[in-house]
Amino acid sequence: MEAMHPDVDHILFTEEEITAMVKRVGAQISEDYKDKDLVLIAVLRGAVVFMGDLMRAIDCPLAIDFMAVSSYGDGAKSSGIVRIVKDLDIDIKGRDVLIVEDILDSGITLKYLIKNLSSRQPASIEVATFLWKDIEGKQAAINPKYVCTHCPDDFVVGYGLDYAQRYRNLPYVGVLKPEVYS
Ligand SMILES: O=P(O)(O)OC[C@H]1O[C@H](OP(=O)(O)OP(=O)(O)O)[C@H](O)[C@@H]1O
Ligand code: HPA
Ligand SMILES: [Mg+2]
């Protein structure tokens, strides 16, 4: 295993653990969508790493597309305002949409996306998130159908997740040392 980054306090999920979790969720999705018209929509930029692994763990026909929204900017707290930076290229009307996210934290991003994408009349819409900070009272009422793992209420980085655009390339998920962002 590679050395831990000096800005990381401790590792939450190792590369090996992540591989196993993504395979498990991929198998579930393969079973549920084998007779459907699946479109995976990844939310840039954080979800790209999970998307790359998840799509290869799904064994049924699918299409992919990307949307870019941003609410955190370069900070460790959501601004509360979600901006669409890049919209979909494909039409999702009548198709089975699965939104692919790296993390469900306050829920502000997903709440906005579900509302926005639902208005385009997909046949179905569900969420697959790599991490879920399901802390009571913190979140908008969102129930992701597919979750790789739950996560404590700390600021985490790695496996696509950033702080000020850094650390996305770490192959594990770790808790960032508070002195790095405070
Ligand atoms: O549940 P929430 O509190 O809304 O937080 C989750 C969202 O925030 C992060 O994205 P960010 O806006 O930082 O953009 P990024 O994916 O480019 O890092 C993360 O990738 C999720 O999309
Ligand atoms: O804990 C987090 N880490 C990185 N990005 C995030 N976006 C929401 N929560 C987080
Ligand atoms: Mg981010």
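**Close-up views of a predicted model with two ligands**

**View 1. Strand E5 gives the shell around ligand 1 its largest share, four residues.** The model is predicted: local features need pLDDT of at least 70, side-chain atom pairs count only at pLDDT 80 or more, and totals for chains, interfaces and linings use all residues. Residues are numbered from 1 along each chain as its sequence is written, while chains are lettered from A and ligands numbered from 1 in the order in which they are written. Strand E5 spans 96–104 and helix H3 spans 108–118; each supplies at least two shell residues. Helices (H or I, at least four residues) and strands (E, at least two) are DSSP runs, numbered from the N terminus.

**View 2. Ligand 1 has 17 residues around it.** A residue is near a molecule or strand if its C-beta atom, placed from the backbone, lies within 6 Å of it. Gly 46, Tyr 72, Asp 105, Ser 106 and Thr 109 come nearest to ligand 1. By class, this shell has five nonpolar, seven polar and five charged residues. Ala, Val, Leu, Ile, Met, Phe, Trp, Tyr, Cys and Pro count as nonpolar; Asp, Glu, Lys and Arg count as charged; the others, Gly among them, count as polar.

**View 3. Tyr 72 and Asp 105 also belong to the residues around ligand 2.** By class, the shell around ligand 2 has six nonpolar, no polar and two charged residues.

**View 4. Three strands form an open antiparallel sheet in the order E1-E9-E8.** Strand E1 (8–13) and strand E8 (156–157) are the edges, each pairing on one side only. Two strands pair if DSSP finds at least two bridges between them. E1 and strand E9 (residues 173–176) pair in the antiparallel sense over four bridges. His 10 has Val 175 in E9 as its bridge partner.

**View 5. The chain around these sites has four helices and nine strands.** Along the sequence, the pattern is β-α-β-α-β-β-β-α-β-β-β-β-α. The radius of gyration is 16 Å, close to the 16 Å of the globule rule for 182 residues, so the chain is as compact as a globular protein of that length. That radius is taken over C-alpha atoms; the rule is 2.2 Å times the number of residues to the power 0.38. The C-alpha atoms fill a box of roughly 50 × 35 × 30 Å along the principal axes.
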